[in-house]
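Hi,

Here is the structure I promised to pass on.

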Amino acid sequence: MNLIRLIQEKKEHFRKTIEKELAQQQALCPHNEVAHWDGFSEYSTMYPTRICLECGLEEEGGWWCYSIDCSHWHPKESYREGKIIQPKLGPEEGRTFKKVSFDELMRLRP
């Protein structure tokens, strides 16, 4: 077998393994501390984004969810394949939000 092909297969295997383990850990996390970026930059407006400061779960919000205290936070794709997708990082008792810049948000990504 070609060495390059072998390396590609191993990378893909490790990527899938890491994604699976991360998803399992994120499902257990209460997401008590969440960073919030409002989606505004000096060049354009993008979707607001939240990321859990404990496990790295990330969620893009829909339009009109720019405010850190948005009471109607919903995922960017809140309706998919005929199903309503519930937010994972919306307001919840015991959850706190911290406003971050775009650069800070990028550094928080796992």
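R15 makes a salt bridge with E12, and the closest N and O atoms are 2.3 Å apart. By salt bridge I mean a side-chain nitrogen of Lys or Arg within 4 Å of a carboxyl oxygen of Asp or Glu. Both R15 and E12 sit in helix 1, three residues apart, which is about one turn of the helix. R15 is partly exposed at 36% relative accessible area, and E12 is partly exposed too, at 33%. (Buried is under 20% relative accessible area, exposed is over 50%, and partly exposed is in between, with a 1.4 Å probe and protein chains only. The areas themselves come from the Shrake-Rupley method with a 1.4 Å probe, and for residues only the protein chains shown count as cover.)

Before I go on, this is a predicted model: local features need pLDDT of at least 70, side-chain atom pairs count only at pLDDT 80 or more, and totals for chains, interfaces and linings use all residues. Residues are numbered from 1 along each chain as its sequence is written, and side-chain values use heavy atoms, with hydrogens and water left out.

Back to the salt bridges. How many does the structure hold? There are eight. Another one is between R95 and E92, at 3.6 Å from N to O. R95 is buried at 11% relative accessibility, whereas E92 is partly exposed at 48%. Salt bridges with shared partners also link E12, R15, K16 and E19 into one network.

D38 has a salt bridge as well, with K99 (3.1 Å, N to O). D38 belongs to the loop between strand 1 and strand 2, while K99 is in strand 6 (residues 96-99), so this pair ties together parts that are 61 residues apart in sequence. Leaving out residues up to four places away in sequence, D38 touches P48, Y66 and K99, where contact means heavy atoms within 4.5 Å.

Now helix 1 itself. Helices (H or I, at least four residues) and strands (E, at least two) are DSSP runs, numbered from the N terminus. Helix 1 covers residues 3-28. Its 26 residues should span 38 Å at 1.5 Å a residue, and the end C-alpha atoms are 38 Å apart, which agrees. (The expected span is 1.5 Å times one less than the number of residues.) At the N-terminal end, N2 caps helix 1, with a side-chain oxygen 2.6 Å from the backbone nitrogen of I4. I7 is also in helix 1 and is partly exposed, at 42% relative accessible area. Together with L3 and L6, I7 makes a nonpolar patch on the surface with about 260 Å² of accessible area. Patches are made of residues with over 30% relative accessible area and no salt bridge; like charges are joined within 9 Å, and nonpolar side chains (Val, Leu, Ile, Met, Phe, Trp, Tyr) within 5 Å.

Two backbone angles are also worth a look. H31, in the loop between helix 1 and strand 1, has a phi near 55°, a positive value in a residue other than glycine. H31 is buried at 7% relative accessible area, and its side chain reaches the backbone oxygen of C29 at 3.3 Å. Setting aside neighbours within four places in sequence, the contacts of H31 are Q26, C52, E54, C55, L57, K88, L89 and R95. W64 has a positive phi as well, near 80°, and is not a glycine either. W64 lies in the loop between strand 3 (58-60) and strand 4 (79-80) and counts as exposed, at 66% relative accessibility.

Cheers

Notes
Polar contact = N/O pair within 3.5 Å; in protein donor to acceptor, adjacent residues only side chain to side chain.
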